[in-house]
Amino acid sequence: MGHTNPAPDPLLREDQLDYTPVPRSVALARHRAARLVTEWGYPHLAGDVALVASELMTNALLHGSLRDRLIRLRIIATAAMLRVEVSDPRGERLPCPRDATGEDQFGRGLALVGALADGWGVAPRVGVGKTVWAEWGLGLTLCGGDPLARTRE
């Protein structure tokens, strides 16, 4: 037999909600993400998580939505990481980062996600569609037990 993956960290927190594929859902998802991440004890990540959720929801709306099919936002936390997932019904349309020029209105979303999150990717969705995810490591703590908030230059 092949290698077995080590068991993933148990989920400490999980939230998911389905949204209709309309522009208003992007703002609703962004606000929900910021509120949950703050309530879960990671206020230093709330802004980045909200922006990433907004970008992934926007991409799902523009490129992954089908009429009458919902887009799912899932946010999970383990001891080691915080993860945002956005699932849509269009599994054949994979996200593709591109270089946006100064005049382009679109095309910066995944570059922004890559800059804000520690990692991101795409996976087939169970059933139909795809899930685009982004995650942040939570493993850094100081000797005193205070979380070490990472800062970006």
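Modeller: Of the 153 residues of the protein chain, 37% count as buried. Please bear in mind that this is a predicted model.

Colleague: What makes a residue count as buried or exposed?

Modeller: A residue is buried under 20% relative accessible area and exposed over 50%. Asp68 has a relative accessible area of 68%. That value is over 50%, so Asp68 is called exposed.

Colleague: Where is Asp68 found, and what is said of its phi?

Modeller: Asp68 lies in the loop between α2 and β2. Its phi is positive, about 70°, although Asp68 is not a glycine.

Colleague: Which residues of helix α3 are buried?

Modeller: In α3, which spans residues 109–116, they are Gly109, Leu110, Val113 and Leu116.

Colleague: Why are the buried residues of α3 said to line one face of the helix?

Modeller: Viewed down the axis of α3, the buried residues fall within an arc of 130°, and therefore they line one face. These buried residues pack against α2 (43–64), β4 (119–124) and β5 (130–137).

Colleague: What pattern does the protein chain follow along the sequence?

Modeller: The pattern is β-α-α-β-β-α-β-β, with three helices and five strands.

Colleague: In what order do the strands stand in the sheet?

Modeller: The open sheet of five strands has the order β1-β2-β3-β5-β4, and its pairing is antiparallel.

Colleague: Why are β1 and β4 called edge strands?

Modeller: β1 (13–19) and β4 each pair on one side only, and this is what the term edge strand expresses here. From one strand to the next, the twist averages 15°.

Colleague: What holds paired strands together in general?

Modeller: Strands of a sheet pair through backbone hydrogen bonds, either parallel or antiparallel.

Colleague: Which strands does helix α1 lie across?

Modeller: Helix α1 (residues 24–39) lies across β1, β2 and β3, and runs at about 170° to β1.

Key: Residues numbered from 1 in each chain as written. Predicted model: local features only at pLDDT ≥ 70, side-chain atom pairs only at ≥ 80, totals over all residues. Heavy atoms only, no water. Buried < 20%, exposed > 50% of the residue type's maximum accessible area, 1.4 Å probe, protein only. Helix = DSSP H or I, 4+ residues; strand = E, 2+ residues; numbered from the N terminus. Arc of directions from axis to C-beta. Contact = heavy atoms within 4.5 Å. Pairing = 2+ DSSP bridges. Axes fitted to C-alpha atoms, helices over the stretch in contact; angles between N-to-C directions.
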